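Biologist: I'm new to this structure and would like a close look at a single part of it. Could you pick the buried interior and walk me through it, along with whatever sits around it?

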Amino acid sequence: MSDFTNDRFRIDGKVAIVTGAGGRGNSIGRAYAVGLANAGASVVVADLNREGAELVAYEINAVGGRAIAAQVDIADEASVAAMMDAAVAAFGGLDILVNNAALMVEAVGTSLIQTGIADFEKLMRVNVTGALICSKAAVPLFAARGGGKIVNQISAGAFPAQTSYGISKIALLGLTTTLATELGRMNVNVNAIAPGMTMSDAGKALTPEESPFVQAAMARVVKQPRGLPQDLVGTLLLLCSPAGDWITGQAFNVDGGFIMRN
């Protein structure tokens, strides 16, 4: 048995898919894709926005990484299957799935009681069912490689859930623990990251500096009310690398203490 070294955070030779990795400029998905590539993985940059995905893949390849872009609708099983086929064709298989794609801006501004049922069902189809579709499609590829890692993107907004978006994210936590239970014997780890207020382009649009919500958080959050997309990457690497092999079924709040605001 060897001692722990920082090499256990490396994922050289691994293949990762990050959904929602090409949209909205300075996004969490982009930070995840770049972070995984910098740690040694070959990355499928997947997004409904093909142009955005291609830009992030180009950024990774331009500095010596390995990435391809894939346009995907995670709510469509055929589209997800094509994304998995692209990973196999380009890199030979799959080891890591990051279920990051979600509807957020579209879901936060309306109260639940005023949300149309069709809109609510669309939200759940993307944010919850989409993650399940991707996970189901990944399992055979994981089995061929002897195991794998799934990381689901939930949210501090799920604790407590106070919007339809929060409801979708607490449901995704349930998907995380259920898949962890079912897939553990297959050597598949399933965990979740719950970011706090993140200064991605989308996050800044939802919670501008001058908003009463942000000002209240500034007064109540114990350490750092707002973070950058890059601040989430360390936790992602822990969960995707050999350093996190003994972690499954967990949700990590990466939020500067936001969850303790109450």
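Modeller: Here is a walk through the interior and a few places around it. Keep in mind that this is a predicted model. For orientation, the protein has nine helices and nine strands, and buried residues make up 50% of its 262 residues. Take the contacts between residues at least 6 apart in sequence: 76% of them join residues at least 24 apart.

Let's start with the largest nonpolar core. It has 38 residues, and the ones with the most contacts inside it are Ile 17, Val 80, Met 83, Met 84 and Leu 94. Several elements each supply at least two residues of this core: strands E1 (15-19), E2 (42-47) and E6 (188-195), plus helices H3 (77-91), H5 (117-145) and H6 (164-183). Helix H5 gives the most, with nine residues. In soluble globular proteins, nonpolar side chains tend to be buried together.

Leaving out residues up to four places away in sequence, Ile 17 touches Val 44, Ala 46, Met 83, Met 84, Ala 87, Leu 94, Ile 96, Leu 97 and Val 98. There is also a second, separate core of 31 residues, which includes Ile 28, Ala 39, Ile 193 and Leu 239. We'll come back to that one.

First, stay with helix H5 for a moment and look at two of its residues. Ser 135 is found in H5, and it counts as buried because its relative accessibility is 1%, with the cut-off for buried being under 20%. The side chain of Ser 135 makes a polar contact of 3.2 Å with the side chain of Asn 99. Apart from residues up to four places away in sequence, Ser 135 touches Leu 97, Asn 99, Ile 150 and Leu 179.

Arg 145 is also in helix H5. With a relative accessible area of 34%, Arg 145 is partly exposed. Its side chain is joined to that of Asp 95 by a polar contact of 2.7 Å. Arg 145 and Asp 95 are 50 residues apart in sequence, yet their C-alpha atoms are 7.1 Å apart in space. Beyond residues up to four places away in sequence, Arg 145 touches Gly 13, Val 15, Phe 91, Gly 92, Gly 93, Leu 94 and Asp 95.

Ile 193 lies in strand E6 and is buried, at 0% relative accessibility. Thr 235 is 42 residues from Ile 193 in sequence, and the two are 7.7 Å apart, C-alpha to C-alpha.

Helix H1 (residues 28-38) has 10 of its 11 residues buried, so it is largely enclosed by the rest of the structure. Tyr 32 is one of those buried residues, as are Ile 28, Arg 30 and Leu 36. After H1 comes Gly 40, with a positive phi near 115°.

Helix H9 (residues 233-240) is also largely enclosed by the rest of the structure, because six of its eight residues are buried. The six are Val 233, Thr 235, Leu 236, Leu 237, Leu 239 and Cys 240. Their cover includes H1, E5, E6 and strands E4 (96-99) and E9 (251-254).

Pro 160 sits in the loop between strand E5 (148-153) and H6, and the peptide bond from Phe 159 to Pro 160 is cis, with omega near -5°. Asn 187 lies in the loop between H6 and E6. Although Asn 187 is not a glycine, its phi is positive, at about 65°. Asn 187 counts as partly exposed, at 47% relative accessibility.

Last stop: an open space. The second largest pocket has a volume of about 220 Å³. Its lining has 14 residues, with Lys 14, Gly 147, Gly 148, Lys 149 and Asp 245 lying nearest its centre. That lining divides into three nonpolar, six polar and five charged residues.

Notes:
Residues numbered from 1 in each chain as written. Predicted model: local features only at pLDDT ≥ 70, side-chain atom pairs only at ≥ 80, totals over all residues. Heavy atoms only, no water. 1 Å grid on protein atoms, 1.4 Å probe; cavity = no way out; pocket = protein on both sides within 12 Å on 5 of 7 lines; lining within 4 Å. Points joined across faces, edges and corners; volume = space filled by probe spheres on them. Nonpolar A, V, L, I, M, F, W, Y, C, P; charged D, E, K, R; others polar. Core = buried A, V, L, I, M, F, W, Y, C linked by side-chain atoms within 4.5 Å. Buried < 20%, exposed > 50% of the residue type's maximum accessible area, 1.4 Å probe, protein only. Helix = DSSP H or I, 4+ residues; strand = E, 2+ residues; numbered from the N terminus. Contact = heavy atoms within 4.5 Å. Polar contact = N/O pair within 3.5 Å; in protein donor to acceptor, adjacent residues only side chain to side chain.
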